Amino acid sequence: MKVRSGRTVRDLRRENRTAVLQRLYFDGPQSRFSLGPATGLSSGSVSNVVSELLAEGLVEEAGSVDSAGGRPRTLLRVRADSGYMIGVDIGETRVRIELLDLALTELARLERPLDAEGPRRVDRYDVGVVLGHLREGIPEVLDRAGIPAERLLGVGVGVPGIVARTPEDGAVVHGQTIGWDAVPLERLLRESRLLPGAVPYHIDNGAKTLGQAEMWFGAGRGAQNAVVVLFGSGVGACLVTDDMRSGRAVEWGHLTVRVRGRRCRCGARGCLEAYAGAEALLERWSEAGGRPPAGTDEETALTAMLAAAYPVPGADGTTAPADATALAVLEETAEYLGAGFSDLVNLFQPERILVGGWAGLQLGRRFLDSVRTHTSSYSLKYPAARVEIDLGTLGPDAVTVGAAILPLADFFARGGRRAEAHPEEQGPAWRAALRERAAQ
């Protein structure tokens, strides 16, 4: 049956379920009475939806609240154990895998370092190596928490690079800086048979998953127009506007900030990433005569650089002199970042620019005020006066949490219904049914 708008009754029921689930999830426990104004649904529609969700175990009662002159009203909330998500961050130095419940409580996690074994940096991103970590790690976190794979809403994966989608392969990763040329990651994961066919994979750019997390649960809440930037070994950003509420990954790190400048790891010259990414920052310190600690990873080396540039008093109350070389490189980096931020300000006029990623959080605590000053000096006055530049609040795990949110968002969009099995993992009868459905 169809209604006048062209939507079916089934569509309307799904939309009503989505509206109720989202309000309960984001706004905390609510009564049936308060859900009406919050969702725009009639009391009858709210009652029907809530009854379904209670019967399916997606929603539970959570106490009561007094009403004005009447009986106490029962509060409702989404059950944290009604589904689980796995979030994966394929980062620049490690693969991180976390299992979360619907309350985003971490139930299990593991990390696998990405160490270069060959002469080239991209060797650490060998597709077989990364896939091996996922094939071992996804079942392991489920086993640690004792959660059956069938209870998963899905697996979200944040990756460096551009993610395209094809009917044959699903998500395909174009990661130029890590040597991934059209890697069919979703197909490769499905062929591994790690999970039941009904458990979907959601693969997207890591900056976008960071942005999703900060906009849903972090420093971006309430903003209509924001840019969330990711600083690690490289640099990326996620743009969120009124017409792109789920966000769009932008290759901001490969904006040219200096013509014929330093060679970037993407192969071009003068990219922002060639000056502001952690890898480039440490290289510039070394080239200027600095001494990064040998045999350490980038996070440890960047911590040492910051400690050298901004020494703290020792136990005896004295402070060692600052490393002038490290300080000069960092101050120059703050200006490059300010110039890069000014392009975001002038192009998109965001309410907020939020800085995240392991390197961004370390750097931002030291020189975010300097970055703000340079941003203002390079930007047009009107939008510069209206933007707030701050650190993200979800910490270095935000990419992983954002990746886990991808299947959660899909679950809500389906009205709390689980995804059907992937066609490639069903028999000919299933594929025939899909073709018949598409022809109707």
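The model is predicted, so local features need pLDDT of at least 70, side-chain atom pairs count only at pLDDT 80 or more, and totals for chains, interfaces and linings use all residues. Residues are numbered from 1 along each chain as its sequence is written, and side-chain values use heavy atoms, with hydrogens and water left out.

Start with the overall fold. The chain has 14 helices and 16 strands (DSSP runs numbered from the N terminus: helices are H or I with at least four residues, strands are E with at least two). Its C-alpha atoms fill a box of roughly 70 × 60 × 45 Å along the principal axes.

Next, packing. Buried residues make up 49% of the 440 (buried is under 20% relative accessible area, exposed over 50%, partly exposed in between, with a 1.4 Å probe and protein chains only). Contact means heavy atoms within 4.5 Å. Among contacts between residues at least 6 apart in sequence, 59% join residues at least 24 apart.

Now zoom in on Pro 113. This residue lies in strand β6, residues 106-113. Pro 113 is partly exposed, with a relative accessible area of 49%. Leaving aside neighbours within four places in sequence, Pro 113 contacts Thr 93, Arg 94 and His 133. Arg 124 is 11 residues from Pro 113 along the chain, and their C-alpha atoms are separated by 9.0 Å.
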